[in-house]
Each structure stands twice: as C-alpha cells, then as structure tokens.
Amino acid sequence: MEKILETFHLSKRYGARWALQDLSLGLEPGRLIGLLGPNGSGKTTLIKLAAGLLTPTAGQVQIGGQAPGPATKKMTAYLPDRMALPTEFRADDAVAFYRDFFPDFDAAKASEMLADLKLDSRQRIGAMSKGTQEKVQLCLTMSRAARLYLLDEPLGGVDPAAREYILQTILRNYSEDAAVLLSTHLVGDIEKVLDEVVFLREGRLMAHTAVDALREEQGMSVDEYFREVFR
C-alpha cells in the first residue's frame, strides 16, 4: 500500500543539538498512530517537518510521495501544540477563516463540534482557557477532509471529561484513505484507539509496531511498555 508519510534518513539539528537523527519511517492510510516518547525526543520536530514548517538538515520527508510544499499542505491538516490563531478572533471568526482558506473544510461540521463541546462561538480566543483553545483548534483541524492529520498533543490541556469526546471526534472524522499521527504523553488515555505506535528516544526511532503485536510480543499494554522503557 502507498505510504502517506515517509521519511528517509531524516535528521534535524538545532545548533549543536540533534532533534532527529537518521529517521526512516513509513505510515499507511487508514491508521491511527501514536507518536510517543519523553520530552525532547523529537516528536514535535517530526510533526513540523511533515507539516512543511521546518527544513531537514539531512534526509527527506515525503507526503503522498511528494516533498512538503503547497501540494502536500492541501492534503495535510496540522494541529500545533500551542494556539496559532489570532487571539482577537472569536470562535466563529476562526470557522469563517478556515472556510475561506481550506477548500476541504466543512464549516457545518466544525460548528456542530463546537456546539457539542458547549463552546460559545462568540467568545474571543484570547478570553478562553488553554483547554478551550485546544478544543477549538481540534474542531477546526478535524473538520478538514485531509489525507494526513498531524496532531501535536491534542489532549494536553483538556479536562478528562472532554478527552473521550475528543478521541471519538478524531476517530469519526478521518477516513480510510487518511492517517492520523498523534503525539501525546497521555498514553493510557489514547491507547485503546491506536492501531500503531512509534517510539522516539533522543531523536532516534526506537520502535514502530502495531499495538496488537506489541501486546502479544511484550505481554503488556502500550502504557506499561512506555513506562518500562522510558522510566
């Protein structure tokens, strides 16, 4: 099957520090993949490289067989780990902005998700809590008909009561010809929805495996394996 995201000996350096080193990886559509590792392991760097926001120091990254650029950004939906929208926007301004900017954006779906989460569409983003801002960004991101969703810590500031809804939102809103790459520290909360896991340590690929195979081969859950390996 064609890979939606591939990296070939991908490396990225910030000054003297290597954030990613010699990473070769291939992800297929129709999969929800957890990107796991401690702080500083390279998760955000990999996501930003795939989103076309950073340039590799060495190696290549490809989205649908193409180097990141205008064509790949049309098929990639990126959720940053911090607020990227103007704080003077109201939530409904953000919906209108996405509708004008992304041809694949479903404004009705976004508004429905905002209502489900009981978010006031007239509230300014700057007046929202961090968790509410993250909910707004997730609703916008998952309302695109993308082929690759890059979600950087989508549950980081969200209360436990909203996590289940958000996970179900992610599951419902990507299709079989799309992949979701989701970075998180909340392994126990998300492992039930994951098909695969990618473990990074100090910028290197430590493991890439199906969740079921990990459970069978290691005799432990993803969360237990994560705690064992990275303790």
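Select Phe199 and Phe230 to begin, and note that both residues are buried, a word that here stands for under 20% relative accessible area, with exposed meaning over 50% and partly exposed lying in between (1.4 Å probe, protein chains only). The model is predicted, so local features need pLDDT of at least 70 and side-chain atom pairs count only at pLDDT 80 or more, while totals for chains, interfaces and linings use all residues. Residues are numbered from 1 along each chain as its sequence is written, and side-chain values use heavy atoms, with hydrogens and water left out.

**The aromatic rings**

Rings of Phe, Tyr and Trp (its six-membered ring) pair if their centres lie within 6.5 Å, and planes under 30 degrees apart count as stacked, over 60 as edge-to-face and the rest as tilted. Under this rule the count is 9 aromatic pairs. Keep Phe199 and Phe230 selected: their ring centres are 6.1 Å apart and their planes stand at 40°, so this pair is tilted. Because Phe199 lies in strand 8 (residues 196-201) and Phe230 in helix 9 (residues 222-230), the pair ties together parts that are 31 residues apart in sequence; helices (H or I, at least four residues) and strands (E, at least two) are DSSP runs, numbered from the N terminus.

Next, select Phe89, Phe97, Tyr98, Phe101, Phe102 and Phe105, which form one aromatic cluster.

**The salt bridges**

Turn now to the charged side chains, where a salt bridge is a side-chain nitrogen of Lys or Arg within 4 Å of a carboxyl oxygen of Asp or Glu. The whole structure holds 13 salt bridges.

Select Glu2 and Arg147, whose salt bridge has its closest N and O atoms 3.8 Å apart. This pair links distant parts of the chain, since Glu2 sits in the segment before strand 1 (5-14) and Arg147 in the loop between helix 5 (130-142) and strand 6 (148-152), 145 residues apart. Glu2 is partly exposed at 45% relative accessibility, and Arg147 is partly exposed at 26%.

Move on to Asp81 and Arg82, which form a salt bridge with the closest N and O atoms 3.6 Å apart. Asp81, with a relative accessible area of 26%, is partly exposed, whereas Arg82 counts as exposed at 62% relative accessibility.

Finally, select Arg90 and Asp92, whose side chains meet in a salt bridge of 3.3 Å, N to O. Asp92 is partly exposed with a relative accessible area of 26%, and Arg90 is partly exposed at 33% relative accessibility.
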